[in-house]
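Hello,

Here is the structure you are taking over. Please keep it open while you read the notes below it.

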Amino acid sequence: MIYWQLFIAFFRIGIFGFGGGPTMVPLFHTECVKKYKWVTDEDFADNLALGNALPGPIATKLAAFIGYRVKGWKGALVANIGVVLPVVILMIALLEVIYKWKDAPGVYGMIQAIGPVIAVMTGVLTWEFLQKAWQGASNKTGVSISLALSLVALLFLDWHPGIVVGIALVISFGYSTWSVRKRKKKDGKEGAA
């Protein structure tokens, strides 16, 4: 039954994820965190960040991670088939029709109307992640500085988001390693005294 749920959930994401990765992320969150509760918000956010830092489409990476988390390698395979299959079917079936009718007012209007919906869905998900990061942060100043530097790098320096995420991961790893070592040294000195 769980394999069927994995397939159906990711098949839905594949069908409704018009436009690729950024439009699929809120759908992944809805299906995998809110509906089925296969992963927590924190796990989802961590793996989304890691997936964005790695090359390739985010949809297949998230599907593989969540499928593997739920049912191992078979779950990863089922989830990836589920997320990719709708795209393959729809591309084969609808490519000729869309090409033939691409200039028709109804089709053009439909395509134009999807853009704002995608922007709102992505904005809501971003806001939710920012709220959770702020609430869970022990160092609010560090989060504020990270956010400001990320915005400057993305908006003004025109850096690729993958580079910004990669730098953030390296800095976070370095900081957490340093703070754990510092705490162990402190605990060791207190234990010796």
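Phe10 and Phe28 are both buried in this predicted model. For Phe10 the relative accessibility is 0%, and since anything under 20% counts as buried, Phe10 falls in that class because of this value.

What kind of aromatic pair do Phe10 and Phe28 form? The pair is tilted, with 5.6 Å centre to centre and 55° between the planes. Phe10 lies in helix H1 (residues 2–16) and Phe28 in helix H2 (residues 21–35), so this pair ties together parts that are 18 residues apart in sequence.

Phe10 also pairs with Trp38. Their ring centres are 6.2 Å apart and their planes are at 10°, so this pair is stacked. Trp38 sits in the loop between H2 and helix H3 (41–53), while Phe10 is in helix H1, so the pair ties together parts that are 28 residues apart in sequence. Trp38 is buried too, with a relative accessible area of 14%.

Phe10, Phe28, Tyr36 and Trp38 form one aromatic cluster. The count of aromatic pairs comes to eight.

The other residue to look at is Asp41, which is in helix H3. Is Asp41 buried or exposed? At 18% relative accessibility, Asp41 counts as buried, because the cut-off is under 20%.

The side chain of Asp41 makes a polar contact with the side chain of His29 at 2.7 Å, and another with the side chain of Lys132 at 3.1 Å. Leaving aside residues up to four places away in sequence, Asp41 touches His29, Val33, Phe129 and Lys132.

Regards

Conventions
Residues are numbered from 1 along each chain as its sequence is written. This is a predicted model: local features need pLDDT of at least 70, side-chain atom pairs count only at pLDDT 80 or more; totals for chains, interfaces and linings use all residues. Side-chain values use heavy atoms; hydrogens and water are left out. Rings of Phe, Tyr and Trp (its six-membered ring) pair if their centres lie within 6.5 Å; planes under 30 degrees apart count as stacked, over 60 as edge-to-face and the rest as tilted. Helices (H or I, at least four residues) and strands (E, at least two) are DSSP runs, numbered from the N terminus. Buried means under 20% relative accessible area, exposed over 50%, partly exposed in between (1.4 Å probe, protein chains only). A polar contact is a pair of N or O atoms within 3.5 Å; within protein, one must be able to donate a hydrogen and the other to accept it, and residues adjacent in sequence count only if both atoms are side-chain atoms. Contact means heavy atoms within 4.5 Å.
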